Amino acid sequence: MMAAAGFFAARIQGKGGHAAEPHNSVDPILAASSIVLALQQLISRELDPLLSQVVSVTYVKGGEALNVIPAYVELGGTLRSLTTEGLQRLQQRVKEVSSTCQNVTLFIFYPCYYYIYHFMFHKTLTRHENNHVLRCHSEHV
């Protein structure tokens, strides 16, 4: 059996500014850090470890200069589950956790706007749905 897979990409919009005046900016890197931590805790704190689900944040991009707070941060990653239902639940939780507008605590401390601009999912594939040659090989092993 192959896992159902999903990919997400998101953008956190803040307000850029000079690092010497952080009080005049809204730091999207700080908000992104909190979101990454919350996403990593989905698996370890909410799900049964026997369900074989994975959330991986695989990139965070924000800013280029050492003395500038960027205006936005982009992040993305993958979701995997051995069931299509599990993947759909992960997708929903990623949306809930990541939406700083809906999460009052994050919105108060980091008044950024977060939106997921790309979600792509593939359903779970069982052995018989895979390549015919691989199926025949696995039946003989």
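**Entry 1: the chain as a whole.** I looked up burial and found that 33% of the 141 residues in the chain are buried (under 20% relative accessible area, with exposed over 50% and partly exposed in between; 1.4 Å probe, protein chains only). This is a predicted model, where I take local features at pLDDT of at least 70 and side-chain atom pairs at pLDDT 80 or more, while totals for chains, interfaces and linings use all residues. I number residues from 1 along each chain as its sequence is written, and side-chain values use heavy atoms, without hydrogens and water.

**Entry 2: surface and contacts.** I get an accessible surface of about 8700 Å² for the chain, 58% of it belonging to carbon and sulfur atoms (Shrake-Rupley method, 1.4 Å probe; for residues, only the protein chains shown count as cover). Of the contacts with a separation of 6 or more, 71% are between residues 24 or more positions apart (contact: heavy atoms within 4.5 Å).

**Entry 3: secondary structure.** I list 4 helices and 6 strands (DSSP runs numbered from the N terminus: helices are H or I with at least four residues, strands E with at least two). Along the sequence I read the pattern β-β-α-β-β-β-α-α-β-α.

**Entry 4: strand 5.** I checked the partners of strand 5 (pairing: DSSP finds at least two bridges between two strands). Strand 1 (residues 4-13) runs antiparallel to strand 5 and is joined to it by 10 bridges; there I find Arg-11 opposite Glu-74. Strand 3 (residues 53-61) also pairs with strand 5 in the antiparallel sense, over 8 bridges, and Val-54 has Arg-80 as its bridge partner. Strand 5 (residues 72-81) is largely enclosed by the rest of the structure, because 8 of its 10 residues are buried.
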